[in-house]
Amino acid sequence: YGVLSSSALAFAGATPLPGHGDYAVVRLDSAYTYSDVDNLRRYTLGDFINAGLSWTRPVRMGGMQFSHDFSMRPDLITFPLPSVEGTAAVPSAVDVLVNGTQILSQNVQPGPFQVPQLPVMNGAGTITMMVTNALGQQVTTTLPFYASEELLAPGLQTYAAEAGLVRRNWGVVSNDYGDLAASATYRAGINPNITVEGHAEGTSREFMGGAGMVANAFDLAAVNFAAAGSTAFGQTAGQVSLGVQRIGPVFSFGAFAQFASHGFRDVAAMNDDPVPHRQLSGSFGINLVHWGNFGVAYTDVERDALQLPAEHARILTANYSMQLGHFALYAAGFHDFENRGGGNGITLGLSVPLGPRSSLSAQAVADPGTSAYGQIQAQQSAVSPGDWGYSAYASAGSTDHQFAQVEYLAPWARVSAGVDQLDSHTAFRGEAQGSLSALDGGIFPSDFIHDSFGIVDTNGVEGIHVLNENRDAGTTDSSGRVLLPYLRSWDVNRVSIDPLDIPVDASVPYVNREVRPADRSGVVVSFPVRVSHGALLVLVDKEGHPLPQGSAATLEAAHKSVPVGYDGQAYVEDLTAQNRLAVEYPDGRRCSVAFAYQAQRGEIPKIGPLLCTEAPP
């Protein structure tokens, strides 16, 4: 039936807002969301952020939103995948390698063949196809490809439409809504190399619309272009943008340029966030293999000086990182061309892992315009219930700052406590965060739940270890249940129980399950462990000899037949306090035995020898 959610910030003591007294509560977002999984559509009523593209500026709104959302199908690959094809004259073997890793090997018959939709990583790479015939002759073909998530596969489309009031001062004021606005966004894959997109939005006295496309440029990079126009206060203006991006195993680069004429406005500009009339950015990175990675980036943003606030920023940054055994070295620097008094800085750092969850890092920061200092930090994360974590930080130089904190992830919450000293000021802090889940007739406390969750139910059997994606997720309690707070919505989650924890007098039809919960929703994962009420019976004839192997023993109350094994032993389940067993010999003779049974929890009792009395001929 959908998800109803709301969030807020509450302050007590301190007064974050004028005129609110000693108490203040700021509502953040409140919305009802319904997800149509069959059609991949999502409907929202309440607060949301409208959809946008690389050349638009989304805003917060309160109203209605309708969108097509691929996130409900995490298994669906939305960007075009490369394929290879060829022709074999005789029966042959085809091997396909992507970036040097073999992903496919199969036999093909004479004639044309095709290997569609090869799994690839995002970015540039090469596909190598080797065709080997029965005589050992081999033909190798190498093809470049470029895969980009900015492209949509042919036939796929995504869209969104919104209408509502523009939200202002979010996080500061609960209900500050402006003028009515509406927007619509559309993207569609035309062919494997071209995706078209369009966007339109408007509010009181303003309308903006534009179109663009993303293209695969000769399997080298992804190129995007867009043009938009607006009209506001009787003035017409335009905006153009052009970008290119390449992600590769050796080098990567990107560039983006956007120019808007004076007077160009969108919904954000009509709500006191002027449009920059020039945005330039570029980046370049290279993988030096054993010598590390180097990257450089430049950003230039200029906002119209006639609009407030005026802005002009030009910043150049560079970074370098290198792995030396277990040590990671890194350096970063920047230069601000607009800040002549102190627009330079450099950072040098070293990071060392101390274990699977802990690390130690040291850093030196030099900024000639303001300050220079050094810092050291040690930390360990708490990942699973029962883990302890810590964080310790100290810096000296222009600012003396020390901080220490311990953290414990309990099955019912995540709690932490610490002390923070900055110069001569000392502060103590404590924090607890968690969730309460109502599901399957119970209330379950846990760590904070960000997405979906579930309850594992083992039919009342306690002490069974539960695994989520092969990681320990807890042990069932006295009611045979345990909460799983970290499930992924819409995706396949693999949940299992440890079969060694199943009591010997119990059985379960399966120990592995795959579940796909809905968005921010709970699901019950049932493992119906059933106490078998079984016993090992030792059956003998009137002379005390074990009944013949291969005889069939049938429990009359349950009409369930089991074989008699070595030494006249038969394992029979579903026993009651009084039972009667009918046995048929391999030669057709029959006998019967009556016996009492008393369950012994966690054990399989051995009953006998039991005299099986033959029926008269």
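Leu4, Tyr32, Tyr34, Tyr43, Leu45 and Met64 make a nonpolar surface patch of about 640 Å². The model is predicted: local features need pLDDT of at least 70, side-chain atom pairs count only at pLDDT 80 or more, and totals for chains, interfaces and linings use all residues. Residues are numbered from 1 along each chain as its sequence is written, and side-chain values use heavy atoms, with hydrogens and water left out.

Patch residues have over 30% relative accessible area and no salt bridge; nonpolar side chains (Val, Leu, Ile, Met, Phe, Trp, Tyr) are joined within 5 Å, like charges within 9 Å. A salt bridge puts a side-chain nitrogen of Lys or Arg within 4 Å of a carboxyl oxygen of Asp or Glu. Areas come from the Shrake-Rupley method with a 1.4 Å probe, and for residues only the protein chains shown count as cover.

Strands E2 (23-36) and E3 (41-49) each supply at least two residues of the patch. Strands are DSSP runs of E, at least two residues long, numbered from the N terminus. Met64 is found in strand E4 (residues 60-68). Met64 counts as exposed because its relative accessibility is 54%; exposed means over 50%, buried under 20%, and partly exposed in between.

Next come two strand pairings. Strands pair if DSSP finds at least two bridges between them.

| Pair | Sense | Bridges | Opposite residues |
|---|---|---|---|
| E18 (residues 276-287) and E19 (residues 293-303) | antiparallel | eleven | Ile286 and Phe294 |
| E19 and E20 (residues 311-324) | antiparallel | eleven | Glu302 and His312 |

E18 and E19 form a hairpin, with five residues between them. Val289 in the turn has a positive phi of about 60 degrees.

Ala268 lies in the loop between strand E17 (251-260) and E18. Ala268 is buried, at 7% relative accessible area. Leaving out residues up to four places away in sequence, Ala268 touches Arg57, Val59 and Asp273. Contact means heavy atoms within 4.5 Å. Ala268 and Val59 are 209 residues apart in sequence, yet their C-alpha atoms are 6.3 Å apart.

The count comes to one disulfide, by a rule that takes cysteine sulfur atoms within 2.5 Å. It joins Cys591 to Cys612, S to S 1.9 Å. Cys591 lies in strand E45 (residues 590-596) and Cys612 in the loop between E46 (606-611) and E47 (613-614), so the pair ties together parts 21 residues apart in sequence. The torsion about the S-S bond is about 95 degrees, so the disulfide is right-handed. Both Cys591 and Cys612 are buried.

Methods. Helix = DSSP H or I, 4+ residues; strand = E, 2+ residues; numbered from the N terminus. Buried < 20%, exposed > 50% of the residue type's maximum accessible area, 1.4 Å probe, protein only.
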